[in-house]
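This report walks through one protein model, from its domain interface to its charged pairs. The sequence and coordinates come next.

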Amino acid sequence: MQDQKTPRRSNRDRSEDTRARLISAARKLFSEKGYGDTGTPEIVKEAEVTRGALYHHFTDKSELFRAVALQESRDVAQAINQNSVHESEPVRALVSGAQAYFTAMTKPGRARILLLEGPAVLGPDGMAEIDRETGSASLYKGLEWAARSANRPDLPLGELTTLLSAGFDRAALEIAMGGESTGYIRAFESLLQSLFPAQK
């Protein structure tokens, strides 16, 4: 009988596993304690890797934080896209996307990482870069679709996108602290309906 052996993992697989463990450990600690109160010795202990492994993958703690924030943003963007992609009407797609955003942001620690720690650690430009990498243009595209359907070429869509994004983030913080999303969804839907009345 031929001896069955577990295939050896490649160096790439081991490297990716180590990186994932570091990001997971850092995410846990950053969300619980905050960036400033989390030290790299705690991170490597939580991840069960060496300090050398940490600095092989990340130049410093801030680069590791960026990787955490990027992963969180990707997860949020994926949730929004999955929830709105099947809608055939622009206002409904935007509302569905908003609902998905608020739900995704209730994951424990996520609002703290993306909305409080992120701007403080990476700065506005750093968070804006992450937004661009994770598909922040989806809100703009949704508004563009709604404006086209409602024949509203006069709307300043870039500025409207910025205002709505800021409002979403503020609402997400309130919801993360125990608020209800229902009122925010209703307010957003009412705003959209006034901006983009249905065409007859």
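## The domain interface

About 1,200 Å² is buried between domain 1 and domain 2, and carbon and sulfur atoms give 69% of that area. Three residues stand out on the domain 1 side. Arg27, Tyr35 and Phe58 supply 53% of the area that domain 1 buries against domain 2, more than any other three residues. The model is predicted, and this applies to every value below.

Domain 1 covers 10-58 and domain 2 covers 62-195. Their C-alpha centres lie 28 Å apart. In contact terms, 14 residues of domain 1 meet 15 residues of domain 2.

## Polar links across the interface

How many residue pairs are in polar contact across the interface of domain 1 and domain 2? The rule finds 7, with both residues of each pair at pLDDT 80 or more. Helix H1, residues 11-33, gives the most to the side of domain 1 that touches domain 2, with 9 residues. That side divides into 8 nonpolar, 2 polar and 4 charged residues.

Salt bridges across the interface of domain 1 and domain 2 number 1. Side chains of opposite charge can pair when their charged atoms come close.

## Glutamate 72

Glutamate 72 sits in helix H4, which spans residues 61-84. Its side chain meets that of arginine 27 in a salt bridge, at 3.0 Å from N to O. Glutamate 72 also has a polar contact of 2.7 Å with arginine 110, side chain to side chain.

Is glutamate 72 buried or exposed? It is buried, because its relative accessible area is 4% and the cut-off for buried is under 20%. Leaving aside residues up to four places away in sequence, glutamate 72 touches Arg27, Lys107, Arg110, Ile113 and Leu114.

## Overall fold

The protein chain has 9 helices and 0 strands. Read along the sequence, the pattern is α-α-α-α-α-α-α-α-α. Along the principal axes, the C-alpha atoms fill a box of roughly 70 × 50 × 30 Å.

The chain has 200 residues, and 40% of them count as buried. Take the contacts between residues at least 6 apart in sequence: 70% of these join residues at least 24 apart.

## A loop residue

Valine 85 lies in the loop between H4 and helix H5 (90-104). Why does valine 85 count as exposed? Its relative accessibility is 56%, and exposed means over 50%, so valine 85 falls in that class.

Valine 85 and glutamate 48 are 37 residues apart in sequence. In space, C-alpha to C-alpha, valine 85 and glutamate 48 are 39 Å apart.

## Salt bridges within helices

By the rule used here, the count for salt bridges comes to 14. One of them joins glutamate 32 and lysine 28, with the closest N and O atoms 3.5 Å apart. Glutamate 32 and lysine 28 both lie in helix H1, 4 residues apart, which is about one turn of the helix. Lysine 28 counts as partly exposed, at 35% relative accessibility.

Another salt bridge is formed by the side chains of arginine 170 and glutamate 174, at 2.8 Å from N to O. Both lie in helix H8, residues 157-176. Arginine 170 and glutamate 174 are 4 residues apart, about one turn of the helix. Arginine 170 is partly exposed, with a relative accessible area of 45%. Glutamate 174 is also partly exposed, at 29%. Elsewhere, salt bridges that share partners join Arg27, Glu72, Asp75 and Arg110 into one network.

Which residue forms a salt bridge with arginine 92? The partner is glutamate 189, and the closest N and O atoms are 3.0 Å apart. This pair links distant parts of the chain. Arginine 92 is in helix H5 and glutamate 189 is in helix H9 (residues 182-195), 97 residues apart.

Arginine 92 is partly exposed, with a relative accessible area of 30%. Glutamate 189 counts as partly exposed too, at 22% relative accessibility. Neither is classed as buried, because buried means under 20% relative accessible area.

Key
Residues numbered from 1 in each chain as written. Heavy atoms only, no water. Domains from an automatic or database assignment. Contact = heavy atoms within 4.5 Å. Buried area = accessible area lost by both parts, 1.4 Å probe. Salt bridge = Lys/Arg side-chain N within 4 Å of Asp/Glu carboxyl O. Polar contact = N/O pair within 3.5 Å; in protein donor to acceptor, adjacent residues only side chain to side chain. Helix = DSSP H or I, 4+ residues; strand = E, 2+ residues; numbered from the N terminus. Nonpolar A, V, L, I, M, F, W, Y, C, P; charged D, E, K, R; others polar. Buried < 20%, exposed > 50% of the residue type's maximum accessible area, 1.4 Å probe, protein only.
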